[in-house]
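Work through the exercises below with the sequence and the model side by side. Each task is followed by a solution in steps.

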Amino acid sequence: MARIKRFRKAPVGSSALHPTEVECGHSATTIDGKRYLQLNTYGSRKRKIPGKVSQTLQLDEAAARELVQILKETFPSLLR
């Protein structure tokens, strides 16, 4: 599990489409009076335990705002 503190633009390298597709669950939760978005990815069919939570990311409001801006820059058509 990891809580996103901030986003950092990574240098452009040789990118390739990842061959593994998984589902991602999302939920909103409040911890110690602070609201978070939690994203869980689940193991692919090829994993030892398919469907088991594989990774968890938590974003507070500041990280979510930053992600929204990144999404708008990456996918300008979302602004329509």
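**Exercise 1. The contacts of one residue**

Task: Which residues does Q58 touch, leaving out those up to four places away in sequence?

Solution. Q58 touches M1, A2, R3, I4, I31, Y36, L37 and Q38, where contact means heavy atoms within 4.5 Å. The model is a predicted one, in which local features need pLDDT of at least 70, side-chain atom pairs count only at pLDDT 80 or more, and totals for chains, interfaces and linings use all residues. Residues are numbered from 1 along each chain as its sequence is written, and side-chain values use heavy atoms, with hydrogens and water left out.

Strands here are DSSP runs of E with at least two residues, helices are runs of H or I with at least four, and both are numbered from the N terminus. Finally, take the accessibility. Q58 has a relative accessible area of 10%, so it is buried; buried means under 20%, exposed over 50%, and partly exposed in between, with a 1.4 Å probe and protein chains only.

**Exercise 2. The sheet**

Solution. Start with the pairs; two strands pair if DSSP finds at least two bridges between them.

- β1 and β4 (residues 53-59) run parallel and are joined by three bridges. Within this pair, A2 has L57 as its bridge partner, and R3 stands opposite Q58.
- β3 and β4 are antiparallel, with six bridges. L37 is partnered by L59 of β4.
- β2 and β3 are also antiparallel, joined by eight bridges. C24 faces T41 of β3 in this pairing.

**Exercise 3. The hairpin turn**

Task: Which residue in the turn between β2 and β3 has a positive phi?

Solution. The two strands form a hairpin with two residues between them. D32 lies in the loop between β2 and β3. Its phi is near 50°, a positive value in a residue other than glycine. The relative accessible area of D32 is 82%, so D32 is exposed.

**Exercise 4. The helix**

Solution. Then check its length. The 14 residues of α1 reach 20 Å from first to last C-alpha, close to the 20 Å expected at 1.5 Å a residue; the expected span is 1.5 Å times one less than the number of residues.

Last, look at the N-terminal end. D60 caps it, with a side-chain oxygen 3.2 Å from the backbone nitrogen of A62.

**Exercise 5. The salt bridges**

Task: How many salt bridges does the structure hold?

Solution. There are two. The criterion is a side-chain nitrogen of Lys or Arg within 4 Å of a carboxyl oxygen of Asp or Glu.

1. D60 and K34 meet through their side chains, at 3.4 Å from N to O. This pair links distant parts of the chain, 26 residues apart: D60 is in the loop between β4 and α1, and K34 is in strand β3. D60 is buried at 14% relative accessible area, while K34 is partly exposed at 41%.
2. R65 pairs with E61, and their closest N and O atoms are 2.6 Å apart. Because R65 and E61 are four residues apart in helix α1, about one helical turn separates them. R65 and E61 are both exposed.

**Exercise 6. A loop residue**

Task: How far apart are the C-alpha atoms of A16 and A28?

Solution. The separation is 31 Å, for residues twelve apart along the chain. A16 belongs to the loop between β1 and β2, and it is exposed at 72% relative accessibility.

Conventions: Polar contact = N/O pair within 3.5 Å; in protein donor to acceptor, adjacent residues only side chain to side chain.
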